[in-house]
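User: Hi! Could you walk me through this structure in plain words? I'd like to ask things as we go.

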Amino acid sequence: MTEDLAQYLVDSTLEVFSTMIFLEIEPGEVLHQEAASMESELTSLIGLAGDLRGVIGVHCTRDAAQGITAAMLGMEIDELNEDVKDAIGEIANMVAGGLKVALAGQDVDVELAIPTTVIGTGLRTSGLAGGSRFMIPFTLPVGVFGIELKYVLS
Amino acid sequence: MAKNVLLVDDSSTMRKIISRSLRQAGLEFGKIFEAGDGQEALAVLESEEVDIVLSDINMPNMNGIEFLREKAGRDAIKDIPVFMISTETGEDIIGEAKSLGAAGALKKPFTPDKVNEVLGPLM
């Protein structure tokens with residue numbers, strides 16, 4: 001199931017970037033469990049409930065967060081401001097929405113929370129005893145970001 | 001006459017993107033008003049001349065479904081068409097939105113071409 005979930009998240013992320021951000025991104029090899037982490041300065045989290053419980057995290061370096069926001073809004077961004085937090089939160093929302101649609105096709109119902117975005121380094125998700133965790137790193141022209149899923153499947 | 005549009009989304013980024021997409025899609029419109037949730041949207045509808053509402057579903061304070069339900073009970077604004085723009089495009093949630101008067105739905109993410117195809121007839 002992890003391979004399917006990772007592919008759904010890759011597909012959803014590629015769709016978001018190709019249709020609304022117009023930045024080319026390249027997915028890397030999936031990182032599992034303790035290896036599923038990266039250095040980041042801004043993270044947006046969105047909770048999942050239902051048949052798949054857990055959290056999706058979008059972890060960005062400063063350059064990636066600012067570059068993605070600049071591409072989304074068509075303006076220069078030179079700091080991690082409210083626009084950046086809002087933009088990365090919306091990416092988390094759309095990526096999670098794509099996962100929800102893909103899982104609905106497998107009769108797996110998922111409810112999405114409203115995204116929360118935090119600025120800071122060294123953020124790690126915890127909880128969900130017995131849960132699985134993986135991260136997909138993506139490379140783009142202005143930095144790197146990672147899509148993390150920590151989950152328990154009912 | 002160009003129609004005035006109300007964009008309802010808790011993401012200011014998404015409101016800017018939708019506004020830009022309407023222009024890129026070549027659609028003609030008048031004023032664009034913005035609201036961050038259903039409560040703010042109701043206040044705008046009560047005070048401004050709005051012809052079409054484009055609304056997210058998953059929002060804090062008052063979500064898109066609650067907004068539709070509340071709007072349906074207010075005679076002065078109940079007939080203003082609402083189109084849902086959301087990541088939430090499951091049959092259940094869209095069916096509920098349509099039962100409350102929504103004219104249709106557009107899935108995020110979207111392209112300007114898709115915006116033109118779906119919203120063009122309304123504009």
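**Where the chains meet**

Analyst: Happy to! 16 residues of chain B are in contact with 18 residues of chain A, where contact means that the C-beta atoms, placed from the backbone, lie within 7 Å. This is a predicted model, in which local features need pLDDT of at least 70 and side-chain atom pairs count only at pLDDT 80 or more, while totals for chains, interfaces and linings use all residues. Residues are numbered from 1 along each chain as its sequence is written, with chains lettered from A and ligands numbered from 1 in the order in which they are written.

User: At what angle do α3 of chain A and α1 of chain B cross?

Analyst: The axes of helix α3 (residues 82-104) of chain A and helix α1 (residues 12-24) of chain B cross at roughly 75 degrees and come within 7 Å. That makes α3(A) roughly perpendicular to α1(B). Angles of 65 to 115 degrees count as roughly perpendicular, under 35 as roughly parallel, over 145 as roughly antiparallel and the rest as oblique. Axes are lines fitted to C-alpha atoms, for helices over the stretch in contact, with angles from 0 to 180 degrees between N-to-C directions. Helices (H or I, at least four residues) and strands (E, at least two) are DSSP runs, numbered from the N terminus.

User: And which residues make that contact between α3(A) and α1(B)?

Analyst: From α3(A) come Asp83(A), Asp86(A), Ala87(A) and Glu90(A), and from α1(B) come Ser12(B), Thr13(B) and Met14(B).

User: Now inside chain A: how do α2(A) and α3(A) cross?

Analyst: Their axes come within 9 Å and cross at roughly 85 degrees, so α2(A) and α3(A) are roughly perpendicular to each other. Among the residues in contact are Ile68(A) and Met72(A) of α2(A) and Val84(A) and Ile88(A) of α3(A). By class, this contact of α2(A) with α3(A) has eight nonpolar, two polar and one charged residues.

User: Is Gly67(A) buried or exposed?

Analyst: Gly67(A), in helix α2 (residues 62-73) of chain A, is buried, because 21 other C-beta atoms lie within 10 Å. A residue is buried with 20 or more other C-beta atoms within 10 Å of its own, exposed with 12 or fewer, and partly exposed in between, using C-beta atoms placed from the backbone. Leaving aside neighbours within four places in sequence, Gly67(A) is in contact with Leu140(A), Val142(A) and Gly143(A).

User: Over to chain B! Which residues of helix α3 there are buried?

Analyst: In helix α3 (residues 64-72) of chain B, they are Gly64(B), Ile65(B), Phe67(B), Leu68(B) and Lys71(B). Seen down the axis of α3(B), these buried residues fall within an arc of 160 degrees, so they line one face of the helix; the arc is that of the directions from the helix axis to the C-beta atoms.

User: What covers them?

Analyst: The cover includes β1 (3-8), α2 (38-47), β3 (52-55), β4 (82-86) and α4 (91-99) of chain B.

User: Last one: which peptide bond is cis?

Analyst: The bond from Lys108(B) to Pro109(B) is cis, with omega near -5 degrees. Pro109(B) lies in the loop between β5 (104-107) and α5 (112-119) of chain B.

Note on methods: Two residues are in contact if their C-beta atoms, placed from the backbone, lie within 7 Å. Ala, Val, Leu, Ile, Met, Phe, Trp, Tyr, Cys and Pro count as nonpolar, Asp, Glu, Lys and Arg as charged, and the others, Gly among them, as polar.
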